[in-house]
Amino acid sequence: MLKDQRQQFEMPRDICYLNCAYMAPRLRSVSEAGRLAFEASRTPWQLTAADFFRVPEQLRGSFARLIGATDDDIALVPSVSYAMAVAGANLSLTSQDEILILAEQFPSNVYPWQRLAQEHGARIQTVTRPDNSDWTTAVLAALGERTRIAALPQAHWTDGTRLDLVRIGERCRELNCALVLDLTQSLGALPFAIADVRPDFMVAAAYKWLLGPYGVSYLYVAPQHQHGRPLEEPWLARAGSENFSALVDYQPRYRDGARRFDAGEHTGFLLLPMALAALRQILAWQPERIASRLAQLTGKIADHSAALGFTVTQSSWRSPHMLGLRFPLTPPQAFIAALRQAGVYVSVRGNCIRVAPHLHNDGEDLQRFFAVITRFAP
């Protein structure tokens with residue numbers, strides 16, 4: 001079992017940060033990687049052609065290890081919305097088809113599908129929030145013969161309620177329905193294996209549970225889609241681009257696998273070394289062990305909060321890494337102000353207080369949080 005790793009983070013003792021679902025706290029190793037990358041940027045005359053590929057390929061390989069994929073399956077993109085646009089551009093849709101999403105799903109996994117549906121005259125089907133938090137059963141009931149794309153998360157971003165993507169993936173394959181996943185709010189803190197779920201496309205932004213910088217995202221593309229059309233035509237994506245002296249010998253062929261979907265200037269000389277340091281730490285800790293440690297923290301939070309009268313997600317569908325505490329109505333402003341005054345940071349999403357700890361949190365943090373919510377119990 002992992003113990004708290006507060007010493008690995010740049011986290012002041014007087015701050016109780018329970019908001020990794022908003023943006024990850026910074027690992028010291030990630031800051032150091034960023035510092036070294038910035039120092040290296042002062043001497044561009046030392047930059048070689050190999051430097052354009054070395055860290056991106058290391059990053060591609062580290063992410064592939066995390067999900068059980070191959071290096072060839074991974075593209076480096078700037079955002080979830082970019083990845084969803086790639087998926088939409090490479091999936092067929094007609095006016096008779098439906099795209100399935102969840103109610104209150106994060107906008108980056110909604111707006112691209114709204115546009116695609118409008119362009120093809122297709123229909124968006126929204127699964128309403130189930131009273132018992134069982135999104136899986138609700139999604140399985142909503143999937144049908146007309147569902148052509150299911151665009152889903154692993155954990156709902158507002159409160160961490162979890163979906164069983166293995167069962168959903170099986171049903172999608174039975175229906176010949178593409179499965180497109182945004183795992184930004186789970187990957188790194190929840191185990192995930194490509195072989196078990198078999199999505200068509202999957203993306204995760206680096207800056208939350210993968211503990212990396214803002215502006216880096218990882219796109220998995222299943223082998224059957226790797227000969228598709230990229231959104232851009234960056235020169236780095238073409239075969240032979242490692243040879244800078246022959247770049248004007250224009251190549252019709254792309255580099256292997258999903259690399260054709262890499263965004264332009266994906267090399268990111270400052271950001272990618274930071275993202276790589278973060279992934280290496282996640283791999284060293286292991287998502288299974290991270291999840292076990294976070295489940296201890298969220299379990300204590302859930303028990304204490306329920307005893308105070310807050311509505312807490314049922315444990316059978318609660319993710320180990322975050323949970324929602326619901327007020328009957330919108331949380332009072334005095335409560336939000338009291339949290340901030342005590343140096344306690346969470347997110348408010350509707351009538352839900354989203355609590356999202358990580359390995360920097362310990363018992364002292366929980367006691368500070370409990371001291372505030374006790375004063376405002378429903």
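Select Ile-67. Beyond its neighbours within four places in sequence, Ile-67 is in contact (heavy atoms within 4.5 Å) with Ile-74, Leu-187, Phe-192, Ala-193, Ile-194, Met-202 and Tyr-220. This is a predicted model: local features need pLDDT of at least 70, side-chain atom pairs count only at pLDDT 80 or more, and totals for chains, interfaces and linings use all residues. Residues are numbered from 1 along each chain as its sequence is written, and side-chain values use heavy atoms, with hydrogens and water left out.

In the largest nonpolar core, 92 residues in total, Ile-67 and Phe-369 touch the most other members. Such a core is a set of buried Ala, Val, Leu, Ile, Met, Phe, Trp, Tyr and Cys residues joined through side-chain atoms within 4.5 Å; buried means under 20% relative accessible area (1.4 Å probe, protein chains only). Helix H8, residues 271-285, gives the largest share of this core, 10 residues. Another core lies apart from it, with 30 residues, including Val-86, Ala-87, Ile-149 and Ala-205.

Zoom to E5 (147-153) and E6 (178-182). They pair in the parallel sense over 5 bridges; pairing takes at least two bridges found by DSSP. Find Ala-151: opposite stands Val-180 in E6.

Terms used:
Helices (H or I, at least four residues) and strands (E, at least two) are DSSP runs, numbered from the N terminus. Buried means under 20% relative accessible area, exposed over 50%, partly exposed in between (1.4 Å probe, protein chains only).
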